[in-house]
Amino acid sequence: MWLRLFTTAMLFGALALMVGRSVIVGPLPHKPVKRIEALHYSQRALAFTTVLIVTLVGAGVGAIKLVRIANQEYRDRAMQNMQAMIEGAIADQKRTAEKPDGS
């Protein structure tokens, strides 16, 4: 459950970052650009890009992990169903073998 919540939070975080990019990073400095203004803008852009990459990777890793868990559950249930079917077939064979053929 926590993995599903984590993946969803990362996905919505990445979406919020992409939508709010202009507010978070701010406008591109106008030319002629002073060095300090360019430095501040590049620092904000780098921090934004880093956080965006972390959220996207987190969402991707969470999704991959969720798929692996679901796949394992599917395999386990398929094995249980196969075992139940085989046990039922064996029980049916025993019942038909015990029945007298004349009735």
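**Entry 1: two helices**

How do α1 and α3 run relative to each other, roughly parallel or roughly antiparallel? That was what I wanted to know when I opened this model, which is a predicted one. I looked up the axes and found that α1, residues 2-19, and α3, residues 35-98, come within 8 Å of each other. Their axes cross at roughly 150 degrees. Angles over 145 degrees count as roughly antiparallel, so α1 and α3 are roughly antiparallel to each other. I also checked the hand of the α1 and α3 crossing, and it is left-handed.

**Entry 2: who meets whom**

Next I went through the residues where the two helices touch. On the α1 side I noted Leu 3, Arg 4, Phe 6, Thr 7, Met 10, Leu 11, Ala 14, Leu 17 and Met 18. They meet a set in α3 that includes Phe 48, Val 51, Leu 52, Thr 55, Leu 56 and Ala 59. Further along α3, the list also includes Gly 62, Ala 63, Lys 65, Leu 66 and Ile 69. I sorted the contact of α1 with α3 by class and got 15 nonpolar, four polar and two charged residues.

**Entry 3: one residue in that contact**

I picked Thr 55, which has its place in helix α3. Is Thr 55 buried or exposed? The cut-off for buried is under 20% relative accessible area, and Thr 55 is at 11%, so Thr 55 counts as buried. Then I left aside the neighbours within four places in sequence and looked at what else Thr 55 touches. The answer is Met 10, Ala 14 and Leu 17, and I had already written down these three on the α1 side of the contact.

**Entry 4: stepping back**

How many helices and strands are there in the protein? I counted three helices and zero strands. Going from the N terminus, the elements run α-α-α.

The C-alpha atoms fill a box of roughly 105 × 20 × 15 Å along the principal axes. The radius of gyration is 29 Å, while a compact globule of 103 residues would have one near 13 Å. Of the 103 residues, 16% count as buried. For contacts with a separation of 6 or more, 65% come from residues 24 or more positions apart.

Where is Pro 32? I found Pro 32 in the loop between α2, residues 21-25, and α3. The peptide bond from Lys 31 to Pro 32 is cis, with omega near -5 degrees. Exposed means over 50% relative accessible area, and Pro 32 has 78%, so Pro 32 goes down as exposed. I also took a C-alpha distance here: Pro 32 and Ala 45 are 13 residues apart along the chain and separated by 19 Å.

Trp 2 is found in helix α1. With a relative accessible area of 66%, Trp 2 is exposed. From Trp 2 to Val 61 is 59 residues in sequence, yet 14 Å in space, C-alpha to C-alpha.

Leu 46 sits in helix α3. Leu 46 is exposed as well, at 58% relative accessible area. Leu 46 and Lys 65 are 19 residues apart in sequence, and their C-alpha atoms are 28 Å apart in space.

How values were computed:
Residues are numbered from 1 along each chain as its sequence is written. This is a predicted model: local features need pLDDT of at least 70, side-chain atom pairs count only at pLDDT 80 or more; totals for chains, interfaces and linings use all residues. Side-chain values use heavy atoms; hydrogens and water are left out. Axes are lines fitted to C-alpha atoms, for helices over the stretch in contact, and angles run from 0 to 180 degrees between N-to-C directions. Helices (H or I, at least four residues) and strands (E, at least two) are DSSP runs, numbered from the N terminus. Angles under 35 degrees count as roughly parallel, over 145 as roughly antiparallel, 65 to 115 as roughly perpendicular and the rest as oblique. A crossing is left-handed if the near helix is turned anticlockwise from the far one by less than a right angle, and right-handed if clockwise. Contact means heavy atoms within 4.5 Å. Ala, Val, Leu, Ile, Met, Phe, Trp, Tyr, Cys and Pro count as nonpolar, Asp, Glu, Lys and Arg as charged, and the others, Gly among them, as polar. Buried means under 20% relative accessible area, exposed over 50%, partly exposed in between (1.4 Å probe, protein chains only). The radius of gyration is taken over C-alpha atoms; the globule rule is 2.2 Å times the number of residues to the power 0.38.
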